[in-house]
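Please read these numbered points with the sequence and the model open beside you. They go from the contacts between chains down to a single residue.

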There are 4 protein chains.
Amino acid sequence: MYAIGVDVGGTSVKAGLVSEDGIVVEQLSRPTPSTSAAKVAETIATAAQALQKRAAELGEDVSAVGIGAAGFIDAGRSTVLFAPNLAWRDEPLRDAVGAIVGLPVVVENDANAMAWGEFRYGAGIGVEDLVCVTIGTGIGGGMVQNGRLTRGAYGIAAEFGHLRVIPDGRRCGCGNRGCWEQYCSARALVREARDLALVTPHAAGRMLELADDEIDNITGEIVTTAGQEGDPGALDCFAQVGGWLGIGLAQVAALLDPARFIIGGGVVAAGELLLGPAREAYEQALTGHGHRPLAEVVPAQLGNAAGLVGAADLTRRG
Amino acid sequence: MYAIGVDVGGTSVKAGLVSEDGIVVEQLSRPTPSTSAAKVAETIATAAQALQKRAAELGEDVSAVGIGAAGFIDAGRSTVLFAPNLAWRDEPLRDAVGAIVGLPVVVENDANAMAWGEFRYGAGIGVEDLVCVTIGTGIGGGMVQNGRLTRGAYGIAAEFGHLRVIPDGRRCGCGNRGCWEQYCSARALVREARDLALVTPHAAGRMLELADDEIDNITGEIVTTAGQEGDPGALDCFAQVGGWLGIGLAQVAALLDPARFIIGGGVVAAGELLLGPAREAYEQALTGHGHRPLAEVVPAQLGNAAGLVGAADLTRRG
Amino acid sequence: MYAIGVDVGGTSVKAGLVSEDGIVVEQLSRPTPSTSAAKVAETIATAAQALQKRAAELGEDVSAVGIGAAGFIDAGRSTVLFAPNLAWRDEPLRDAVGAIVGLPVVVENDANAMAWGEFRYGAGIGVEDLVCVTIGTGIGGGMVQNGRLTRGAYGIAAEFGHLRVIPDGRRCGCGNRGCWEQYCSARALVREARDLALVTPHAAGRMLELADDEIDNITGEIVTTAGQEGDPGALDCFAQVGGWLGIGLAQVAALLDPARFIIGGGVVAAGELLLGPAREAYEQALTGHGHRPLAEVVPAQLGNAAGLVGAADLTRRG
Amino acid sequence: MYAIGVDVGGTSVKAGLVSEDGIVVEQLSRPTPSTSAAKVAETIATAAQALQKRAAELGEDVSAVGIGAAGFIDAGRSTVLFAPNLAWRDEPLRDAVGAIVGLPVVVENDANAMAWGEFRYGAGIGVEDLVCVTIGTGIGGGMVQNGRLTRGAYGIAAEFGHLRVIPDGRRCGCGNRGCWEQYCSARALVREARDLALVTPHAAGRMLELADDEIDNITGEIVTTAGQEGDPGALDCFAQVGGWLGIGLAQVAALLDPARFIIGGGVVAAGELLLGPAREAYEQALTGHGHRPLAEVVPAQLGNAAGLVGAADLTRRG
């Protein structure tokens, strides 16, 4: 028995046929229609129907459709209350898709779906309490406690990116200042590198070289490339951002005491350049360090598929 | 069917016979023996036996004994791994008490037991996701998510007091600096008041008067009394500490999204003097404020009984 | 009797014939030769000779040449010890120019020369104790106390830009973090605006429009234009940077107690957009505010000419 | 020719006969009358007359009386505008004393008088630019530039203690928060030690022992004694306070570029326990460190006599 998992992003709708072992048997991708929520539901449904047909060819049934979408989801897991990137408000996504597809549908926050995917089939196998921290433009995440997804009373738990790490710190899009994601994100990494290049160009020499001597050309990829070559300027940028990653993890651990932190998102391509300093800072900043078990800090394993694998699996449990 | 709840503190062991409605039918208290863990187990057992006898007189059976103890408790809820105030290490409290009493025994962290007591029979009635923050010398707490207690992978979740609110801030007993409880606790309130008296005596005039003009005599009670009279200096101290309470709650809410915060501990006697500024700061510091439901911030209701009521109830569920 | 004032910058050498009333009777400008210090001395000397000739035509004598140059100047005011922009070390500029021109020569730090120019003929007229703060890429400045220029024991007093305003704050080119000029400078203004555009694009709408919707195109001019139109996003940026200006001035005032602050540099084109919030923050942050006279905070008056006017006048006194 | 120097404190009036070599030939002390400014003037005058008589016996003339008094002094050095400890406002001290004594009188701020005394006859001999930082309950000081005392436009320069070192830091008596003297003063040292004892009693064991196990009994003397024995807890306290001393000196140096810092006040009894960490932090925090001469950091030499020696000498020059 297969389930269909869908990951609705701002630019593409990814859907996959997922086995009970979490294997993505078949996957397809469609551009996200920008016109209306109804069009998005239609796109999801069409993709689901194509996968349903494919399952039939493979002699398998499809039990349900799980949809992971950025935004606030209602407690009944049927409605997207608010999705900033898609300009949605109170969209009854479950019923719209269900009416077309004729299968049970479950809607889940995309970060929760990813955390669940990693928990069940990825870097989270073997523990019951984990925190998934996804580092992109900002920081998103999800958490599993006692083997169950924690959604919070209003479905908006795990807003890790907006933990305040510095009073009156850097301006954040949420309206506050000093939020964690302003210090630890792909954007923060680029910012560190550009700042370095601006105030001490010689220390950022290799990165500037890779950027054709234009500060505004420095990207995360350039910092990573230079870091992998051992460039001290780039390593310093990773030490800063990784340090903030570790400090933030220590705050989360003080509250949640997970067995494992799973770090996902694009910057994880840098691997130990980022995770090394993160672990060091984490251990140092953790309250009671030395007197308690340390959560592991490991990279995510499922990459982009985590969301749809998790969404598919959440139709079965969670 | 009754259950026995026990709250083991540094100075006294409190035990109570608790009905299925959470009523404390009978309660007794014994000094905590300082000699050894075995003596404490014996004291608990003797108290439990007395309550068992009392239950029999009332024509009721006792199902189990629930013990709330400060310290780290193992996942099997049988052993106190580490209890700083009692100088315990790896004490098999469940079996020691069980062997004497002949009833099932469950051991739980005391802050968790309190949170559970409030959840089931106190200020938490009606919600499934709550955070209990107990403000004393430091900050302790517990949390309930989806109607279940969250203990963390190693039983040490909810170390709220050690969230870092200021990098390189005030020294904390945990070895770090800038922990929340250094800014929000009974001790922090007294410190604010003494600092005020030290640097601007005229602004602390009323509190100094109540303290016989000795800065070191200023206590939390004095600050509260002066605050209740409307003394601006005392109100300023509450505004500071309440402000930090609210800022910390906003951090916790970013992670846990509870429906309700229950504030317990001695300083809650000050009521709205503390909770008023806390709510205001909470709303302002909360990420996404204005675009999400606000958790309520309410005082605890069960007072000192919360721990034993919760411990008793946790023998039945949790 | 005229004096010649010279202002040596990284791109141009500006020289002027300055009357005893501080009037620039004649002015000329030459590109700064990048080849060597000897070439720069030659350029200065040639310019001085041309002005000397012009003075003769006007029937006036020239008493001396005053040179303002970026960098550390020795106590004898003859040698440029270190000039980062010109890549100079220990250049005997006084003697090199004097040998060609045949007039007494005095070398002074350019920020000191500017402060002196404003003190004698610009915004500083009427007071004996002033601080000149010049806001460009960073913050430079000079100070006059009891009517005399303060140079410090080693000629490097008035490094205002490197007052630390935030522990562990933004990275600075000086190798430290949290320096004032990282929060208050033309660069900081642009950074505020770009940050705003990055994290809350709607709040920076007008500035983005002026920048053809490219964050990296936002300049100080754009922020100023938008601010002058009353755009709230731009005003917010000025409030931030102006606020930091005021906070820093309050630190300087705690040490120096000047009668007047003169604010120079390009961002002063924004006038009250910057100085308004600066004054407000200054008054609030000043120790003893309400119990002491407030220094005035006024814009510089001489613009680019301040340096050469000051350098000329310093040959006569200072 | 002798001069008389007077140091007016809150509890005593100290007066001395001072030779042109800065030697205190004769010294006497009277309790400060608390009744009125006229009484204080009388006490000063009587003391001066006694010293005048003594000078006559020694066959020497007395040229003038110099008075150092805490508070704001007018620019004409005749009137105490505001003296918080003495509850004075606009007291014409010069004329009141002069009318009785029949000698020229000069009034100076006491911290300036001390700085001048050290400059002329103490730890400041040999340099023309120095900063004197006096660490007591708070931080006071004075500064000499180009061999002249800097008073500021309104006589209140050198308010070192109120440099802001941490935004939103500890509450200060001046009404602001985060002032340097809240982190670096005799009071701050005691506070560090008491905090340490409160949050980690074992780390403060030796100090608690010296304090009869009462936190509130810990004094600066106790911290110093324990530090001199090598107690790690006390050394940690000195490292904190000394570190802040160095950080603050680096700020002052960025503005004033002195050749020497002279550190005075009671805590200097601790010598290198304090000055060692201060120098280290100073070097690290100084902008441009490694590329500029470092000011020396030395202890004051004249102790309590600095004020009256300086006041006497200021009648001759300054």
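1. Chains D and B. The copies meet through the same surface, because 100% of the interface residues of chain D are also interface residues in chain B.

2. What the model is and how it is labelled. This is a predicted model, in which local features need pLDDT of at least 70 and side-chain atom pairs count only at pLDDT 80 or more, while totals for chains, interfaces and linings use all residues. Residues are numbered from 1 along each chain as its sequence is written, and chains are lettered from A and ligands numbered from 1 in the order in which they are written.

3. Chains A and B. The same surface serves both copies, since 100% of the contact residues of chain A recur in chain B. In this pair, 35 residues of chain A are in contact with 35 residues of chain B. Helix α7 (residues 232-256) of chain A gives the largest share of the side of chain A that touches chain B, namely five residues. Helices (H or I, at least four residues) and strands (E, at least two) are DSSP runs, numbered from the N terminus. The side of chain A that touches chain B has 20 nonpolar, nine polar and six charged residues.

4. Two domains in chain A. Chain A is divided into domain 1 (2-119 + 305-314) and domain 2 (127-300); such bounds come from an automatic or database domain assignment. The C-alpha centres of the two domains of chain A lie 28 Å apart. Across the boundary, 13 residues of domain 1 of chain A are in contact with 16 residues of domain 2 of chain A. On the domain 1 side, β5 (72-73) and α3 (110-121) of chain A each supply at least two residues. α3(A) gives the most to that side, with seven residues. The domain 1 side divides into nine nonpolar, two polar and two charged residues.

5. A sheet in chain B. Three strands of chain B form an open sheet in the order β5-β6-β7, with antiparallel pairing. Two strands pair if DSSP finds at least two bridges between them. β5 (72-73) and β7 (88-91) of chain B stand at the edges with a single partner strand each, so one side of each is left without a neighbour in the sheet. Two bridges join β5(B) to strand β6 (residues 80-83) of chain B, and B:I73 stands opposite B:V80 in β6(B).

6. A hairpin in chain D. Strands β2 (residues 12-18) and β3 (residues 24-31) of chain D run antiparallel and are joined by seven bridges. The bridge partner of D:L17 in β3(D) is D:E26. Five residues lie between the strands of this hairpin, and in it D:G22 takes a positive phi near 80 degrees.

7. One residue, D:A250. D:A250 is placed in helix α7 (residues 232-256) of chain D. Is D:A250 buried or exposed? D:A250 counts as buried because it has 22 C-beta neighbours inside 10 Å. The cut-offs are as follows: a residue is buried if 20 or more other C-beta atoms lie within 10 Å of its own, exposed if 12 or fewer, and partly exposed in between, with C-beta atoms placed from the backbone. Leaving aside neighbours within four places in sequence, D:A250 is in contact with D:Y282, D:A285 and D:L286. The C-alpha atoms of D:A250 and D:R279 are separated by 9.7 Å, and the two residues are 29 residues apart along the chain.

Methods:
Contact = placed C-beta atoms within 7 Å. Nonpolar A, V, L, I, M, F, W, Y, C, P; charged D, E, K, R; others polar.
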